[in-house]
Amino acid sequence: MGDELRRLYLEPTSRCNLNCAMCFRKSWVDEQAGDMEEATFRAVLSHLPESVETIFFGGMGEPLFHPRIIDMVRAASALGRRTELISNGSLLTEERSAALLDAGLDMLWLSVDSLKEENYAAIRCNGSLAVLKEHILAFNRLRFAQKREVQLGAAFVLMKSNVSSLAELPFFASYYHVNEVNVSHVVPTSEASAK
């Protein structure tokens, strides 16, 4: 029982709308970005071991970039599995939040790698902390209106450039009603990223 698969990670897409400083995609050589095909997703679900309790949507790309991500969450949820998704939050419009909740999403993880706008923009190239905060507030309004509990997580990748924000993370988590925080360290893929 101890070695059974409990949590399945699916990467719906390797495409992304941001160009983050620490992203593994920067180390890819001749790699083509793309989306998981419907047939592949359906095949995974049809062969899902009974032991799987959670289906987690995430990876190198932005899951909300996949044109059928709502349908994917709905299909996973319909199997009675807990569904989680990690996002950079930039595409998390109020409409998309409502659709995810309607599809049965149990937990949304958002990447929050700095609590200072200028530093956030430097880490999450093309991203905006102010926009992320707006999207969190809209998501919270909708999730708290649900009859079921939906959780919010904050994922923080620790680097030299954002270590000072770590001290502010507890206040941020409290203010935005974050249920869980995950702090990891950057995994260098080159000498440049090691610095």
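These legends accompany several close-up views of a predicted model.

View 1. Of its 195 residues, 44% are buried. Contacts between residues at least 6 apart in sequence tell you about the fold too: 73% of them join residues at least 24 apart.

View 2. As a reminder, strands of a sheet pair through backbone hydrogen bonds, either parallel or antiparallel.

View 3. S1 and strand S3 (residues 54-57) run in the parallel sense and share four bridges. Look for tyrosine 9, which stands opposite phenylalanine 56 in S3. In a regular strand the side chains alternate between the two faces of the sheet.

View 4. Methionine 107 has glutamine 151 as its bridge partner in S7. Glycine 153 also lies in strand S7. Is glycine 153 buried or exposed? Its relative accessible area is 2%, so glycine 153 is buried, the cut-off for that class being under 20%. Leaving aside residues up to four places away in sequence, glycine 153 touches Met107, Leu108, Trp109, Leu110, Val178 and Glu180. If you are checking distances, the C-alpha atoms of glycine 153 and tyrosine 176 are separated by 10.0 Å, and the two residues are 23 residues apart along the chain.

**View 5. Helices H1 and H2 pack against each other.** Two packed helices are described by the angle between their axes and the distance between the axes. For helix H1 (residues 38-46) and helix H2 (residues 69-78), the angle is about 10 degrees and the axes are 11 Å apart. That angle makes H1 roughly parallel to H2, and their crossing is right-handed. Phe41, Arg42 and Leu45 of H1 meet Met72, Ala75 and Ala76 of H2 in the contact. Sorted by class, the contact of H1 with H2 has five nonpolar, no polar and one charged residues.

**View 6. Helices H3 and H5 make another packed pair.** Helix H3 (residues 94-103) packs on helix H5 (residues 129-144) at an angle of about 35 degrees, and their axes are 9 Å apart. H3 passes H5 in a right-handed crossing. On the H3 side the contact is made by Glu94, Ser97, Ala98 and Leu101, and on the H5 side by Ala138, Phe139, Arg141, Leu142 and Arg143. The residues of the contact of H3 with H5 comprise five nonpolar, one polar and three charged.

**View 7. A histidine in a loop has a positive phi.** Histidine 177 is found in the loop between helix H6 (169-175) and strand S8 (180-185). Most residues other than glycine have a negative phi, and most peptide bonds are trans. Histidine 177 is not a glycine, yet its phi is positive, at about 55 degrees. With a relative accessibility of 45%, histidine 177 counts as partly exposed.

Notes:
Residues are numbered from 1 along each chain as its sequence is written. This is a predicted model: local features need pLDDT of at least 70, side-chain atom pairs count only at pLDDT 80 or more; totals for chains, interfaces and linings use all residues. Side-chain values use heavy atoms; hydrogens and water are left out. Helices (H or I, at least four residues) and strands (E, at least two) are DSSP runs, numbered from the N terminus. Buried means under 20% relative accessible area, exposed over 50%, partly exposed in between (1.4 Å probe, protein chains only). Axes are lines fitted to C-alpha atoms, for helices over the stretch in contact, and angles run from 0 to 180 degrees between N-to-C directions. Angles under 35 degrees count as roughly parallel, over 145 as roughly antiparallel, 65 to 115 as roughly perpendicular and the rest as oblique. A crossing is left-handed if the near helix is turned anticlockwise from the far one by less than a right angle, and right-handed if clockwise. Contact means heavy atoms within 4.5 Å. Ala, Val, Leu, Ile, Met, Phe, Trp, Tyr, Cys and Pro count as nonpolar, Asp, Glu, Lys and Arg as charged, and the others, Gly among them, as polar. Two strands pair if DSSP finds at least two bridges between them.
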